[in-house]
Amino acid sequence: MAGSSIMETLFQRTLDDIIKGLRLQLIGESAFISKAMEEIRREIKSTDPHTKSTALQKLTYFNSVHGLDMSWAAFHVVEVIGSSRFAHKKIGYLAASQSFHDGTDVMLLITNQLRKDLTSTNEFEVSLALECLSRIATLDLARDLTPEIFTLLSSSKNLVRKKAIGVILRVFGVYPDAVRVCFKRLVENLESPDPQMVSATVGVFCELASKDPGSYLPLAPEFYKILVDSKNNWILIKVMKIFAKLVQLEPRLAKRVVEPICEHMARTGAKSLMFECVRTIVTSLAEYESAVKHAVVKIRELLIDDDPNLKYLGLQALSIVASKHLWAVLENKEVVIKSLSDADPNIKLESLRLVMAMVSDSNVSEISRVLVNYALKSDPEFCNEILGSILSTCGRNFYEKIIDFDWYVSLLGEMSRIPHCQKGEEVENQFIDIGMRVKDVRPELVRVARDLLIDPALLGNPFLNRILSAAAWVSGEYVEFSKNPFELMEALLQPRTSLLPPSIRAVYIHSAFKVLIFCLHSYFFQRKTIASSSLSSNDLAQGVSDSVSVRESPKGSGSATCEAPANELDGGFNPRIPSQLSKDIPTGNGDEMIVTHGQTSSFASLEKNSFTEDSISNLLNLIEMALGPLSVSHEIELQERARNILGFIELIKQEIPGSLDQGEGNFEREQLKASEVINVMRDAFSKELGPVSISAQERVPVPDGLMLNENLCDLEKICGDVQLPSTSSFSLGTPHSKEKIGVSLLNLQSKEESEPSTESTSLLAEHRKRHGLYYLSSEKNEISSTDYPPANEMKLQDDLHDDAEDLVKLTEQSLVPKKKPNHAKPRPVVVRLDEGDEVSIVAKKPDSKDDLLSGAVRDVLFGNEAIPTSSQRNPSDKSSSKRKGKEKVNIDLPSELKENLGDEEKPDLGNPSSRRSKHRTHGKERRHRSPGKNDEEREENVQKEKQKSSHRHGRHKARQRADGPLNVVAQAAVIPDFLL
Amino acid sequence: MIHFVLLISRQGKVRLTKWYSPYSQKERTKVIRELSGVILTRGPKLCNFVEWRGYKVVYKRYASLYFCMCIDQEDNELEILEIIHHFVEILDRYFGSVCELDLIFNFHKAYYILDELLIAGELQESSKKTVARLIAAQDSLVETAKEQANSISNIIAQATK
């Protein structure tokens, strides 16, 4: 045994050998490493501390440089740390700080060793232990070692004191109660004559304040002193960061610090400090005009500097200014625009952000034009960045920057034609969204969609698929605005559509269906009007527009069984709707066309767009030809839709050829059947689809017995990352698994929110029954047939709560006569659902640990002396006088404390005032009595959040928001005493 | 605060890693792979900052080595650049015109120097002289320990144990 140990010691490969060997190895790196690891595993078990530590050192090397696991050696690490030799200890501590984490189970074993080293007389051993602790401290370690750290905080050895200060950050983080013990000493270090000490302390406070600035407001005088007196740039930068946070809470503080910060900015030669001054001013002191002006001058210096770093930072600072002082950006417009073509992608991005910040409703078209042209020339990645930022800027807050929607829609069309465009999804969403929200733009939208659809070249580009699907949907949904439905049909059925993925082809086919219904309806309507020649041309126009107005006002639609109450009210307010509408509508393109036909029926056959027998039967033939092959498609979506149309055509065809040959007398009777069918279909399609609120899905109550989570978990496994409802899932799913698929669709629905399902026909009823939920979002009246009760109730809830405003908007809409498109354009109405569309901002809760920490800090700072710690010594004169100040403050403190500390338990107690006092005296002890208590509190927290989310009324939210400022005000009343 | 420090060679080989925030071994490997992909591909005359997962990574190239530090969004990039430079200067002073090989063979010493410079992701010592003095003192402590361990008497003592 002893012999082998000696051999090991003498012939063990050192770290140097390993590294050399690794560089010269001939057997391959991984083979060499695994061989070396074998050695290490053997050597590390050795009883000789030297062999052991060398093995550990090699292991640490492999771990940190080659990423090999070393958790298995945790116990050996502990052993090496326990070695009496400094060299070994050092290796052990390095290994520990590299590899230990909260889950390491031997952590408990090193507490005593750490304590021993922390109290060692050798300052280097102490510093090793501190360094390690700063990395690995857990709650237990921190709690057990706090007394030692407390002692070290006032150590006479600078090396040790400095590190102890550094460790405090981590200790406070995991064990907030340490604040009660150590905070005073930490603060004392702020006034240390040694700049290193101050630097370390300020670093700690900077980190602490970034999480919860409010608690450190009382220290403002100390920080202010440092800000004014210190000459050390490292310290100044950190102090400024602290002030950047503090002045946001305390406006009066800003007045005091703005001057010294400006001084530093003007005086310093260090760019880092100068930039920090600039940033502090633009983020937190933006209301001080002169300071901002100085800062902008400095920013300009940065911008025109050759150093790309400074340029980048300058742009960044500028983008911070932009929100409050746009003039600063405009002043530097040229530099910003020039930076768009910088070599550095980061700089390009930053300047793009700035350019987008300059966008306003007056220059949006100009800037977008410039950018789109620029995108054409730039590399694909940046091109997409540009397109993305245009889309998001223009789409923000319901297109608030857009006035001329016709322009914007054609811009969207243009963007989709840029070769590198990969923003299909966003363009798709906006296409459909605009279609649903902005009525006035629909004719232009259909025109743009047609242009996209008709171009066979676009079909080959997979990135455009989503856009094309939107275009197809738009052209089907709003076909009545189309100049030439036949052309549209050809575009939808062109052979190259076979290049599209099935899910999008399905949209194409369905749109073709809509177009077909429209054509047939127009045709029959026209026939009817010709037949009844007694009608005057005036009445005719009236008739046509009435039929079209079905779309505009559901009132006229016989089949719309479940009308939105909003619309009914609407009618109540304005009984003249139908007639008014009929006056307005004929301006639409489609109607005009039809009207013309009615009046000049004799020339109808000469016109291209006319709905003659020939054109209709051509249309039918075209569809049959194009869709015939699809009726045996493997893709069930395609097959079903194709068959629906073909079946429908079968039905109609029986009627139409007859009508071609029959005389006038029979015509009407024969026609009647067909046109009735068509009317029913048309009614089905004519119900307008509206935007769906984001939270609509949430408002659907979960039916009893539906284990939503479980099912979804299962599905994740199955579906993986399928985005669109893949057809395979349909073909695999038997009717038995209906529920499951339904849920998967429910899940997918949320992603597809903006692509509302376009169906609602009796023919598709079967399909609907099978995949019920797929239709949930758009069709409100049909849903009642499925298992899930959502749509109607949703609507009801909407109305009950706060759809009032929506209502008002709707009435306004119908009251205001539509303007002619070529008037000086007013901004068209953009429909928005007030409650639903608002992005739900979940109030961010600081996690409980931070709460505890800040609570503890406040306690100490606000002089809560009720809980003296045994280890606390008598404070020096200075600090006692300081405390007097704090005591004074204490008088008007409670209100504030309640705000901050009582927060957690507020909802479930009736009498806040009694609770407050209790909380203040016992709250703290209760907290650290047991970790179990902690858990309880966290649970409470969770519960509270649940409550919050289950009924979030606008009012509720508003009240919460109001709490914030209140809080600040309370503090504002407290702090100034120190500074004045 | 500084979340981690990475030293990566131009070929993508890792020379030193120091993690001040908790990352599992898996995450560490992923982070290194991701960042070296981003940073090594950047041209020489571009800025030294990269935005990454909501953090900022400040890097600077010295000869064949990239020194990278990951910081919070609101931290001062220029300050970090100065810290990196500071670190390099100390290494330079310690090794005597440092090169990549020095760091490869003395990887643990690079760690000890870094530990004197930073603690818990914060700068703890801005004086080069002090760091040099501390490192030298510790080295001498280690040396004496080593001499003891390698002395004949020690070996004999072990053999006859």
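**Exercise 1. The sheet of chain B**

Which strands of chain B does helix α1 lie across, and at about what angle does α1 run to β1(B)?

*Solution.* This is a predicted model, in which local features need pLDDT of at least 70, side-chain atom pairs count only at pLDDT 80 or more, and totals for chains, interfaces and linings use all residues. Residues are numbered from 1 along each chain as its sequence is written, chains are lettered from A and ligands numbered from 1 in the order in which they are written, and side-chain values use heavy atoms, with hydrogens and water left out.

Step 1. Helices (H or I, at least four residues) and strands (E, at least two) are DSSP runs, numbered from the N terminus. Two strands pair if DSSP finds at least two bridges between them. Axes are lines fitted to C-alpha atoms, for helices over the stretch in contact, and angles run from 0 to 180 degrees between N-to-C directions. Contact means heavy atoms within 4.5 Å.

Step 2. Find the sheet. In chain B, 5 strands form an open sheet in the order β2-β1-β5-β4-β3, with antiparallel pairing. The edge strands are β2 and β3 (49-52) of chain B, and each pairs on one side only. Neighbouring strands of this sheet are turned by 20° against each other on average, direction ignored.

Step 3. Place the helix. Helix α1 (residues 25-40) of chain B lies across β1, β2, β3, β4 (55-62) and β5 (65-71). The angle between α1 and β1(B) is about 60°.

**Exercise 2. A hairpin**

Describe how β1 and β2 of chain B are joined.

*Solution.* Step 1. Strand β1 (residues 2-9) of chain B pairs with β2(B) in the antiparallel sense, over 5 bridges. One of the links: B:Phe4 has B:Trp19 in β2(B) as its bridge partner.

Step 1. The two strands form a hairpin with 4 residues between them. In the turn, B:Gly12 has a positive phi of about 90°.

Step 2. Check the cover. Buried means under 20% relative accessible area, exposed over 50%, partly exposed in between (1.4 Å probe, protein chains only). In strand β2 (residues 14-19) of chain B, 6 of its 6 residues are buried.

**Exercise 3. Inside chain A**

Which residues have the most contacts inside the largest nonpolar core?

*Solution.* Step 1. Look at the chain. Chain A has 51 helices and 0 strands. Of its 980 residues, 54% count as buried.

Step 1. Define the core. A nonpolar core is a set of buried Ala, Val, Leu, Ile, Met, Phe, Trp, Tyr and Cys residues joined through side-chain atoms within 4.5 Å.

Step 2. Name the residues. The largest core has 297 residues, and A:Phe183, A:Phe205 and A:Leu516 have the most contacts inside it. Helix α29 (residues 502-531) of chain A gives the most to this core, with 15 residues.

**Exercise 4. Salt bridges**

*Solution.* Step 1. A salt bridge is a side-chain nitrogen of Lys or Arg within 4 Å of a carboxyl oxygen of Asp or Glu.

Step 1. Go to the interface. The rule finds 6 salt bridges across the interface of chain B and chain A. In one of them, the side chains of A:Arg279 and B:Glu77 meet at 3.7 Å, N to O.

Step 2. The network links A:Arg279 with A:Lys241, A:Glu276, B:Lys56 and B:Glu77.

Step 3. Compare a pair within chain A. A:Lys89 and A:Asp117 form a salt bridge, with the closest N and O atoms 3.1 Å apart. The pair links distant parts of the chain, 28 residues apart. Both A:Lys89 and A:Asp117 are buried.
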